[in-house]
Amino acid sequence: MVRTMSGIQPTGKLHSGNYLGAIVNWVELQKNYEAFFCVVDLHALTQRPDPAVLKQAVREVAIGILASGVDPDKSTLFVQSQVPQHAELGWIMTCLTPLGDLNRMTQFKDKSAQQPENINAGLFTYPILQTADIALYRADRVPVGEDQDQHLELARETLRRFNFVYGETFPDPQTVRSHAPRVIGLDGQAKMSKSKGNEIGLFETADETMQKLRGAKTDPARLRKSDPGTPEVCNIFSWHGFFSPAEQRAEIAAGCRSAQLGCVDCKKMLATNLEAVKGPIRERAAALRDNPARLDEILDAGARKARVAAEATMQLVRERIGLRPSK
Ligand code: AQP
């Protein structure tokens with residue numbers, strides 16, 4: 001069976017970008033692929049989180065993934081640090097990755113600018129650990145948003161290098177795109193991000209969503225309600241593309257162009273459609289929060305399964321590169 005693998009960092013609360021760009025695809029892929037999904041807490045260490053906050057964030061991200069429809073009977077959901085082989089293969093991949101390749105990574109530059117007081121080596125080598133995450137499960141399909149394109153390309157190059165040097169071992173992992181590969185934040189400019197404060201959270205209530213939408217950027221040329229707008233340049237309209245039915249989108253576009261529909265009403269319609277998706281997710285999340293033992297059971301069982309798959313790959317890798325077998 002073809003394998004799929006992906007992860008999310010527990011660096012904050014899940015947002016609509018994570019949901020649309022990644023998790024929606026995870027839910028689809030688990031139907032036809034052998035799926036490994038993980039909360040990548042080792043990656044989050046690059047931000048030196050408070051230990052108690054990290055523990056809680058890991059649980060909340062796992063809850064969000066499950067509440068969004070990832071089914072632990074179909075997918076292996078686990079926490080990265082519970083599978084030590086990620087770090088082991090990470091080192092092996094580090095020794096196969098040229099510095100020049102890492103120097104090209106734009107995310108390192110962005111993250112360094114975001115946390116100038118903590119530009120650690122992990123921020124720089126982050127894409128190598130990501131390569132190991134994918135390789136460990138010998139994944140063929142990697143569902144991620146567009147922001148991960150550069151890292152995926154680096155992973156492919158590193159795995160091809162491994163195969164060239166040590167013999168065919170890893171498949172060439174293909175990126176899987178959702179219908180929303182790059183969701184823009186409330187500011188109408190940057191990618192929606194946990195760390196930029198421009199997000200609509202997955203667990204936010206209908207009121208909280210509407211409150212945030214009120215301040216969200218729309219077509220900058222539409223200053224008054226009576227000004228006709230251009231839906232194609234409006235971020236709110238692009239979100240309607242993700243959450244609203246085609247018929248309603250056509251009505252909204254016509255109303256915007258003719259100035260019959262104001263931005264506030266357009267935002268209210270979006271808030272209603274967002275709530276139709278988020279309401280049931282919130283309810284399932286609340287049920288999971290009420291049953292912490294069940295969450296532990298899912299994550300520990302996932303880690304046990306992931307360790308078996310990871311160790312099988314590592315035995316092959318150790319053999320190929322000339323390390324003594326682990327007995
Ligand atoms: N705005 C987005 N649009 C589409 N996809 C997105 N993803 C993130 N933001 C968007 C996808 O979500 C998955 C998990 O992302 P991550 O948490 O591992 O890392 P990230 O991309 O760095 O996410 P954030 O929210 O921007 O976190 P911070 O602020 O901590 O860096 C990935 O598949 C990603 O593509």
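Start with the second largest cavity, whose lining residues divide into six nonpolar, five polar and one charged. Those classes work like this: Ala, Val, Leu, Ile, Met, Phe, Trp, Tyr, Cys and Pro count as nonpolar, Asp, Glu, Lys and Arg as charged, and the others, Gly among them, as polar. To see the lining, select Gln9, Thr46, Gln47, Met105, Gln107, Phe108, Lys111, Leu123, Phe124, Tyr126, Pro127 and His151. The space they line comes to about 80 Å³. Both α6 and α7 supply at least two residues of this lining, and α7 has the largest share, four residues. (Helices are DSSP runs of H or I with at least four residues, strands are runs of E with at least two, and both are numbered from the N terminus.)

A word on what you're looking at: this is a predicted model, where local features need pLDDT of at least 70, side-chain atom pairs count only at pLDDT 80 or more, and totals for chains, interfaces and linings use all residues. Residues are numbered from 1 along each chain as its sequence is written, and side-chain values use heavy atoms, with hydrogens and water left out.

And the cavity terms? On a 1 Å grid over the protein atoms alone, a cavity is a set of points where a 1.4 Å probe fits but cannot get out, while a pocket is an open set with protein on both sides within 12 Å along at least five of seven lines; lining residues have an atom within 4 Å of a point. Points are joined across faces, edges and corners, and a volume is the space filled by probe spheres set on them.

Now move to the largest pocket, with about 890 Å³ of space. It is lined by 44 residues, and Gln9, Gln107, Asp147, Gln148 and Lys191 lie nearest its centre. Which element gives the most to this lining? That's α6, with five residues. By class, the pocket lining has 15 nonpolar, 20 polar and nine charged residues.

Show the ligand next: 24 residues surround it, the closest being Lys111, Asp147, Ser193, Lys194 and Ser195. (A residue counts here if one of its heavy atoms lies within 4 Å of the ligand.) Zoom in on Lys111, where a polar side-chain atom lies 2.2 Å from a ligand oxygen atom. At Thr11, a polar side-chain atom lies 2.8 Å from an oxygen atom of the ligand. Met192 uses a polar backbone atom, 2.9 Å from a ligand nitrogen atom.

Then pick Val40, in the loop between β2 (34-39) and α2 (41-44). Val40 counts as buried because its relative accessibility is 6%; buried means under 20% relative accessible area (1.4 Å probe, protein chains only). Leaving aside neighbours within four places in sequence, Val40 is in contact with Gly7, Ile8, Gln9, Pro10, Gln80 and Asp133, contact being heavy atoms within 4.5 Å.

Last stop: Arg318, in helix α13 (residues 292-321). Is Arg318 buried or exposed? Buried, with a relative accessible area of 6%. Beyond neighbours within four places in sequence, Arg318 is in contact with Glu88, Glu311, Leu323, Arg324 and Ser326.

Conventions:
Buried means under 20% relative accessible area, exposed over 50%, partly exposed in between (1.4 Å probe, protein chains only). A polar contact is a pair of N or O atoms within 3.5 Å; within protein, one must be able to donate a hydrogen and the other to accept it, and residues adjacent in sequence count only if both atoms are side-chain atoms.
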